[in-house]
Amino acid sequence: MKVDVILGLQWGDEGKGKIVDVFTDDYDVIARFQGGPNAGHTLEFDGKKHVLHTIPSGIFHPGKMNLIGNGVILDPRIFVKELQGLDAHGINYRASLHISRRAHLILPTHRLMDACLEHMKGDNKIGSTLKGIGPTYTDKVARQGLRVGDLEAGDFNDRYNRLKSWHFQLMQGLGFDPLGLVIEGMPFGAYEREWFVAADTIRELSLVDSEQLIHAMLASGKRILAEGAQGALLDVDFGSYPFVTSSNTIASAACTGLGIPPQAIDEVYGVFKAYCTRVGSGPFPTELLNETGDALRKHGHEFGSTTGRPRRCGWVDLPALKYATAINGVTRLIMTKADVLSPFEQIGICDAYQINNETFSQWNYRCETDQVIPQLRHLPGWREDITQINHLQEIPGPLMEYIRLLEKELGVPMQYLSTGPDRCQMVALDKR
Ligand code: GDP
Ligand code: IMO
Ligand code: MG
């Protein structure tokens, strides 16, 4: 069997969590392959909303294996809080949840370093979620990180103290007093104590050589769904650098983040919103700094699932979507939040960018360095509530036109339309 991948084609928050939850019925294993608790994946069913940060979005389905791959970074304290959320809903994860020993650990000092480095950037700050993502991946690449498997080692505390002391030296060298800083409103020492208690809980979970487990699953014909975090335009290589996250977020990261070969990948599902949002700093060509942008934020409830920050909003960006589709090798599209556009008389689409009097039809290096002027066209809106529709035939004409246009421009068929946050709000488009 093969591995299918679900990932985001914009700047994150496309609705990946909801789609993974809906797709889980068709798979045996759901595996996260990169990112960490910077992600916030929202699932809604039975009138309840759940936000997952590190735990795969298949966790609410009994009998499905949920795997945290080697490419993920994990903060024990945040992770254990997520587990407590599952306990409260009676979810039995002990047998179904597995964590790669090769996944790196986010230490309390990584979070302090994230805050210090952002502070030093001043007006050029990335707008990080301050979960320690950048410093943890930095230590991984610098070959000095600590991994989940290290928790099983007798000398873990010594290794922890060595890395902590290195971080302290760095911060002191930059003029900070680490012991005077707070994390989530707590003094360092108190936070660190909670981190160690949480680390004990992680030790009791199923820690595995996840690449071997995945290969065994593939060999026995199990169906695997790889769940991406963030989005293509936050990818450390291809995103709007430096305003990106510190991991590769694209389809190929499923190979390195799970230990599977490229030929194991089958479908790549690209999830995107019917408009565009971004949280944090960096270029956003179609951003609407006006009442329309405010209306998108209000109707779409565009506030971060992890940090609660207001998301920047704008029209759909075709050049960026074309780029993301190409880089990921997307085979099927899934559009979310079309329902949010129902009140709008006109729907804007960016067809191309003008940069220094040149026209570009794809995202490119100059989008990250120069002033970009979006070339917009407007289509008629559908002005109809679509949150209750279940069938293809019920899709309003102008929305169907919008879907056809996007499929034609991106050269990829659209498989589903998501019409609301709930698990049930999905319309299949592949029966046309
Ligand atoms: P993710 O990070 O890609 O999983 O997305 P988030 O959970 O951060 O943000 C997506 C938000 O939109 C969440 O609040 C979802 O519940 C919600 N959502 C997902 N799909 C739809 C949809 O089709 N319509 C509406 N109105 N909301 C949706
Ligand atoms: P999901 O999986 C939206 C953004 C941050 C910031 C930049 C770097 O929910 O789609 P980091 O904390 O990674 O150092 O922040 O990336 N960012 C996200 N934006 N959704 C996410 O994840 C994000 N994860 C990181 O806002 O601009
Ligand atoms: Mg999110």
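Colleague: Is Asp21 buried or exposed, and what relative accessibility does Asp21 have?

Modeller: In this predicted model, Asp21 has a relative accessibility of 1%, and because buried means under 20% relative accessible area, Asp21 counts as buried.

Colleague: Which side chain does Asp21 meet in a salt bridge?

Modeller: The general idea comes before the case: side chains of opposite charge can pair when their charged atoms come close. Here the partner of Asp21 is Arg423, and the two side chains form a salt bridge with 2.8 Å from N to O. Asp21 sits in helix 1 (residues 16–23), while Arg423 belongs to the loop between strand 21 (414–418) and strand 22 (426–428), so the pair ties together parts that are 402 residues apart in sequence. As for Arg423 itself, a relative accessibility of 26% makes this residue partly exposed.

Colleague: How many salt bridges does the structure hold?

Modeller: The structure holds 29 salt bridges, and another pair to look at is Asp155 with Arg159, whose side chains meet at 3.2 Å, N to O. Asp155 is partly exposed at 33% relative accessibility, and Arg159 is partly exposed as well, with a relative accessible area of 27%.

Colleague: Which residues are joined into one network by salt bridges that share partners?

Modeller: That network is made up of Asp13, Lys273, Glu302, Arg311 and Lys337, which are linked through salt bridges with shared partners.

Colleague: In which sense do strand 1 and strand 13 pair?

Modeller: Strand 1 (residues 3–8) pairs with strand 13 in the parallel sense, over five bridges, and you can find the place by looking for Leu7, which stands opposite Gly270 in strand 13. Strand 13 also pairs with strand 17 (residues 332–336), again in the parallel sense and over five bridges.

Colleague: Which residue in strand 17 is the bridge partner of Val271?

Modeller: The bridge partner of Val271 is Ile334, in strand 17.

Technical notes. Residues are numbered from 1 along each chain as its sequence is written. Chains are lettered from A and ligands numbered from 1 in the order in which they are written. This is a predicted model: local features need pLDDT of at least 70, side-chain atom pairs count only at pLDDT 80 or more; totals for chains, interfaces and linings use all residues. Side-chain values use heavy atoms; hydrogens and water are left out. A salt bridge is a side-chain nitrogen of Lys or Arg within 4 Å of a carboxyl oxygen of Asp or Glu. Helices (H or I, at least four residues) and strands (E, at least two) are DSSP runs, numbered from the N terminus. Buried means under 20% relative accessible area, exposed over 50%, partly exposed in between (1.4 Å probe, protein chains only). Two strands pair if DSSP finds at least two bridges between them.
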